[in-house]
Amino acid sequence: MEIILYLSAAVAAIAFLILVLNLSRTLKSVDNTLDTLSRTVDRLEGQLKNVTAETAELLHKTNALAEDVQHKTEQLNTVVYAVKDVGSSVHNLNHSLKKVTTTVASQVEKNQYKISQAVQWGNVIKQLVDKFKQDEKPTAGSPSPAGRTEALPAPAYKNNDI
């Protein structure tokens with residue numbers, strides 16, 4: 001019986017040795033995995049620092065760009081309002097010119113006969129002035145045209161105006 005006791009102690013010791021060896025291999029594997037994980041986390045941390053710095057720089061640039069766009073939008077609004085005012089002014093000018101043109105056209109139609117008479121009288125006066133200038137300039141070697149009389153064209157009248 002004592003042998004059984006020694007034998008069972010030896011089996012227990014062998015089982016414990018096998019357990020310790022397997023546990024040792026498992027712990028080594030876990031240690032390798034944890035080392036790899038630690039190196040990966042360190043690299044990831046370094047990359048995240050770079051990404052964080054780039055993100056902060058990008059955020060600053062985005063804010064500056066947004067401010068620039070806001071400023072330019074305000075300037076563009078000023079230009080748009082100015083163009084709108086110019087458009088209103090041009091519209092008012094066109095409206096005024098249309099009124100003036102309509103008024104002038106109606107006045108011309110009303111006074112067409114008087115205008116034609118004034119033009120005819122203007123032509124007569126011009127011809128008289130031209131004739132007077134010709135009479136004042138005697139040509140060399142020709143007699144004075146003082147004795148000549150020419151008939152001037154009479155202005156045209158409508159039958160009901162006389």
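Student: In which helix does glutamine 117 lie?
Tutor: This is a predicted model, where local features need pLDDT of at least 70 and side-chain atom pairs count only at pLDDT 80 or more, while totals for chains, interfaces and linings use all residues. Residues are numbered from 1 along each chain as its sequence is written, and side-chain values use heavy atoms, with hydrogens and water left out. Helices (H or I, at least four residues) and strands (E, at least two) are DSSP runs numbered from the N terminus. The run of residues 112–136 that holds glutamine 117 is helix H2.

Student: Which side chain has a polar contact with that of glutamine 117?
Tutor: A polar contact is a pair of N or O atoms within 3.5 Å; within protein, one must be able to donate a hydrogen and the other to accept it, and residues adjacent in sequence count only if both atoms are side-chain atoms. At 2.6 Å, the partner of glutamine 117 is tyrosine 113.

Student: Which residues of H2 are buried?
Tutor: Glutamine 117 is one of them. The buried residues of H2 are Tyr113, Gln117, Val124 and Lys131.

Student: What distance does H2 reach from its first C-alpha to its last?
Tutor: The expected span is 1.5 Å times one less than the number of residues. For the 25 residues of H2, 36 Å is expected, and the model comes close to that, at 36 Å.

Conventions:
Buried < 20%, exposed > 50% of the residue type's maximum accessible area, 1.4 Å probe, protein only.
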